[in-house]
Amino acid sequence: MTDIVGAGTAEPCWRDWLDDRAWPDLELAGAGIPLIVAPHPDDEVLGVGGLLNRLGRGEFVAVTDGEASHPGSTAITPARLATLRRAEADQALRLLGLAGMVVHRLGQPDGAVDEAALSATLVRLLCPGRWCLATWRADGHPDHEAVGRAAAAACTATGGRLLEYPIWAWHWAPPGDPRLPWHRLRRVPLPAGVLAAKATALAAFRSQLEPLGPAPADAAILPAAVLDRFRRPYEVVFG
């Protein structure tokens, strides 16, 4: 795991470095109906919300309900937060034009993903060539990494195509960090309308964007400096 602390790498540093290089675009012709796997509500929109809006289809595996995002909160209980975050995720999918998407809510514990059970579920949903979009296996957050490993194992077992999206790596890594698999980077351009749809969907996650209360434990999880990394006119996957 990697410590996710401090302000992290500023988005202008990333944009200067990323924009200065010619990355291949992800070819969407073979996407079919992709399977999207998210450790917590909002990861799917942060990482590949624009891609989902462009495709207009998909099947979603929500691994946890995100009830542990504010463990010390005195303003909301974990059970209430889980209900709230599920509703936010549903609204975000509607705003992306995916109201009819099939959603599998596994209800695994936030912070204690059962990797083997998740992999077994994904094996049942995957088939040769089917895209599986999951958080990167070395993203720095234990749930993100467990989901990435489970997806990788399931793709190996079924012949599915693994595409990994980084979330917290943008925070702890510097541009060009050799720990990231830059040789596997594929870019997903986001036209203006798609970028606007993604921004609207992200705004649905108010429990993560705004303080839940006055205490430090109720602070926003996704302040502006973090969100800036997901407002680029393109998304990034490793595949």
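This is a predicted model: local features need pLDDT of at least 70, side-chain atom pairs count only at pLDDT 80 or more; totals for chains, interfaces and linings use all residues.
**Cavities.** The largest cavity comes to about 80 Å³, a volume being the space filled by probe spheres set on the points, which are joined across faces, edges and corners. I listed 13 lining residues (those with an atom within 4 Å of a point); Gly47, Trp170, Phe230, Glu235 and Val236 lie nearest the centre. Elements giving two or more residues to this lining are α2 (43-55) and β7 (234-238), with the largest share, 3 residues, from β7. Helices (H or I, at least four residues) and strands (E, at least two) are DSSP runs, numbered from the N terminus.

**Helix α7.** In α7 (residues 192-202) I noted Val194, Ala197, Lys198, Ala201 and Leu202 as buried (under 20% relative accessible area, 1.4 Å probe, protein chains only). They sit on the same side of α7 because they cover an arc of only 135° around the axis, taken from the directions from the helix axis to the C-beta atoms. The face turned away carries Ala192 and Gly193, both exposed (over 50%). I then checked the cover over the buried residues: it includes α2, α3 (78-95), α8 (206-209) and β7 (contact is heavy atoms within 4.5 Å).

**Bookkeeping.** Residues are numbered from 1 along each chain as its sequence is written, and side-chain values use heavy atoms, with hydrogens and water left out. Local features need pLDDT of at least 70, side-chain atom pairs count only at pLDDT 80 or more, and totals for chains, interfaces and linings use all residues.

Methods: On a 1 Å grid over the protein atoms alone, a cavity is a set of points where a 1.4 Å probe fits but cannot get out, and a pocket is an open set with protein on both sides within 12 Å along at least five of seven lines; lining residues have an atom within 4 Å of a point.
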